[in-house]
Amino acid sequence: MLIFPAIDIKGGKCVRLTKGDFSTATKVANSYMDTARGFADAGAEWIHMIDLDGAKSATPKNTDIFMDVAKNTSLKVQVGGGIRTLETIESYIGGGVARVILGSVAVENPELVKTAVKAFGAERIVVGIDAKNGLVATNGWLETSNVNFISLAHEMGAAGVRYFIFTDIDKDGTLSRPNHGKTKQLQSEVSGFGGNVIASGGIKTLANIKTLKKNGVYGAICGKSLYSGTLDLAQAVKSSKS
């Protein structure tokens, strides 16, 4: 299993939200670069970065920061937030980003996802499934669709997608443990076509990481737990590999 330490960017600053509520944004670090390099020093291979301004405005806003981390650290960068066009995807990948996350566009323009997978390969494209009560939320989690999270995964699987990030919005930033039930359910569903689920939201302790691994989940995104000190990144990385 892989561990993805997270940095969310809003106004150029490192912040964390609770349940996706932009009014709860709290600064968690002074330097995104120092934070990223600290993650690398702890043994992380990947970093998960979200452009919160981009997610809200539906257009990239903090691109230079993500490119900087991709070029000047050893980390593989996974980026999401406001990515709506092939041109943006190409720009990120051309700039050294390892994977691009497509969220709202998977619901609003599934053909774009299919085209992106064909153009850049399944290893480069991740579909973010952010759900509230099992229904997919879009546009920076400001809107909830009538699309079921399992149904969206199957649709995206048929389009060639093999990587999914599942976030239970009610768990995000709460340190109340992940939604193990829905995460395990989704991993089981997508395993049928070789899919991989990255769990996000609510991860607090090493025990949560061990449960996700036991359930066959491919990866875990850790944010608030690292900044609050309830989870040690080096221990999490070691546990995920053992």
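## About the model

The model is predicted: local features need pLDDT of at least 70, side-chain atom pairs count only at pLDDT 80 or more, and totals for chains, interfaces and linings use all residues. Residues are numbered from 1 along each chain as its sequence is written, and side-chain values use heavy atoms, with hydrogens and water left out.

Let us start with helix 4, which spans residues 86-94. Helices here are DSSP runs of H or I with at least four residues, strands are runs of E with at least two, and both are numbered from the N terminus. Four residues of helix 4 are buried, namely Thr 88, Ile 89, Tyr 92 and Ile 93. Buried means under 20% relative accessible area, exposed means over 50%, and partly exposed is in between (1.4 Å probe, protein chains only). Viewed down the helix axis, the buried residues of helix 4 fall within an arc of 130°, so they line one face of the helix. That arc is taken from the directions from the helix axis to the C-beta atoms. An α-helix has 3.6 residues a turn, so residues three or four places apart point the same way.

On the face turned away from the buried side of helix 4 sit the exposed residues Glu 87, Glu 90 and Gly 94. The buried residues of helix 4 pack against several elements, among them strand 4 (46-51), helix 3 (63-72), strand 5 (76-80) and helix 6 (110-120); contact means heavy atoms within 4.5 Å. After helix 4 comes Gly 96, with a positive phi near 105°.

## Nonpolar cores

A nonpolar core is a set of buried Ala, Val, Leu, Ile, Met, Phe, Trp, Tyr and Cys residues joined through side-chain atoms within 4.5 Å. The largest one has 61 residues, and the members that touch the most others are Ile 47, Met 49, Leu 102 and Ile 129. Leaving out residues up to four places away in sequence, the residues that Met 49 touches include Ile 7, Ile 65, Phe 66, Val 69 and Val 77. Another core, of 16 residues, lies apart from the largest one, and Trp 46, Ile 50, Tyr 218 and Ile 221 are among its members.

## Cysteines

With a disulfide defined as a pair of cysteine sulfur atoms within 2.5 Å, the count comes to zero. The sulfur of Cys 14 has its closest cysteine sulfur in Cys 222, 16 Å away, which is too far for a bond. Cys 14 is buried at 3% relative accessible area, and Cys 222 is buried too, at 0%.

## Salt bridges

A salt bridge is a side-chain nitrogen of Lys or Arg within 4 Å of a carboxyl oxygen of Asp or Glu, and the count here comes to four. One of them joins Arg 16 and Asp 8 at 2.9 Å, N to O, and both of these residues are buried.

Another pairs Glu 123 with Arg 99, with the closest N and O atoms 3.4 Å apart. Glu 123 lies in the loop between helix 6 and strand 7 and Arg 99 in strand 6, so this pair ties together parts that are 24 residues apart in sequence. Glu 123 is partly exposed at 49% relative accessibility, whereas Arg 99 is buried at 3%.

Lys 132 and Asp 170 also form a salt bridge, the closest N and O atoms being 2.7 Å apart. Lys 132 lies in strand 7 and Asp 170 in the loop between strand 10 (163-168) and helix 8 (180-191), so the pair ties together parts that are 38 residues apart in sequence. Lys 132 is partly exposed at 34% relative accessibility, as is Asp 170 at 28%.

## Residues to look at one by one

Most residues other than glycine have a negative phi. Ala 58 is not a glycine, yet it has a positive phi of about 65°. Ala 58 lies in the loop between helix 2 (52-57) and helix 3 and is partly exposed, at 33% relative accessibility. Asn 133 also has a positive phi, near 55°. Asn 133 is found in the loop between strand 7 and strand 8 (135-138) and is exposed, at 67%.

Finally, Ala 40 belongs to helix 1 (residues 32-41) and is partly exposed at 21% relative accessibility. Leaving aside neighbours within four places in sequence, Ala 40 is in contact with Ser 74 and Leu 75. The C-alpha atoms of Ala 40 and Ala 234 are separated by 9.5 Å, although the two residues are 194 apart along the chain.
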